[in-house]
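Q: I am new to this structure and would like to learn how to read its features one by one. Could we look at it together?

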Amino acid sequence: MVLIKKVELEELQQDRLIGVYWTMSDLENHIGKKQVWIKENILYLQKFKKQLDVSQGGFVYYPKSCGEKWSFLASKMSQFLEDNFYTIFKR
């Protein structure tokens, strides 16, 4: 057993996400919500979309046509979810 500070653990967890891309399925598994809920409560809300959309400098690729896949930069999406937990769930 090794004891480390909580801050160090969080940094290690964040580091393992650097350079990793999530699919929509990965995001569903990560937050325990289905795609429909994620879209309605996070991805398509204007207050978040401006920050998230890669075409506006964000870290989420919004599919432009049928058949394209969602893509999320895991490290940044994970941090976004941490930072916005209250805002997402207070609705």
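Q: Which helix gives the most to the lining of the largest pocket?
A: On a 1 Å grid over the protein atoms alone, a pocket is an open set of points where a 1.4 Å probe fits, with protein on both sides within 12 Å along at least five of seven lines, and lining residues have an atom within 4 Å of a point. Helices are DSSP runs (H or I, at least four residues) and strands likewise (E, at least two), numbered from the N terminus. In this predicted model, α5 gives the most to the lining of the largest pocket, with four residues. α1 (6–15), α2 (24–31), α3 (35–43), α5 and α6 (85–89) each supply at least two residues of that lining.

Q: Before we go on, what should I know about the numbering and the model?
A: Residues are numbered from 1 along each chain as its sequence is written, and side-chain values use heavy atoms, with hydrogens and water left out. As this is a predicted model, local features need pLDDT of at least 70 and side-chain atom pairs count only at pLDDT 80 or more, while totals for chains, interfaces and linings use all residues.

Q: How many residues line the largest pocket, and which lie nearest its centre?
A: The lining has 16 residues, of which H30, S78, Q79, L81 and E82 lie nearest the centre of the largest pocket. By kind, the lining residues divide into eight nonpolar, five polar and three charged, where Ala, Val, Leu, Ile, Met, Phe, Trp, Tyr, Cys and Pro count as nonpolar, Asp, Glu, Lys and Arg as charged, and the others, Gly among them, as polar. About 400 Å³ of space lies in the largest pocket, a volume being the space filled by probe spheres set on the grid points, which are joined across faces, edges and corners.

Q: What describes a pair of aromatic rings, and how many such pairs does a search of the whole structure find?
A: A pair of aromatic rings is described by the distance of the centres and the angle of the planes. Rings of Phe, Tyr and Trp (its six-membered ring) pair if their centres lie within 6.5 Å, and planes under 30 degrees apart count as stacked, over 60 as edge-to-face and the rest as tilted. The search finds eight aromatic pairs. One of them, F48 with F80, is edge-to-face, at 5.2 Å centre to centre and 90° between the planes. This pair links distant parts of the chain, for F48 is in helix α4 (residues 46–52) and F80 in helix α5 (residues 74–83), 32 residues apart. Elsewhere, Y44, Y62, W70 and F72 form one aromatic cluster.

Q: Why do F48 and F80 count as buried?
A: Buried means under 20% relative accessible area, exposed over 50%, and partly exposed in between (1.4 Å probe, protein chains only). F48 counts as buried because its relative accessibility is 3%, and F80 counts as buried because its value is 3%.

Q: How do strands of a sheet pair, and what is the order of the strands here?
A: Strands of a sheet pair through backbone hydrogen bonds, either parallel or antiparallel. Two strands count as paired if DSSP finds at least two bridges between them. Here an open sheet of three strands has the order β1-β3-β2, with antiparallel pairing. The edge strands, β1 (21–22) and β2 (60–61), each pair on one side only. Between β1 and strand β3 (residues 71–73), the antiparallel pairing runs over two bridges, and the bridge partner of W22 in β3 is F72.
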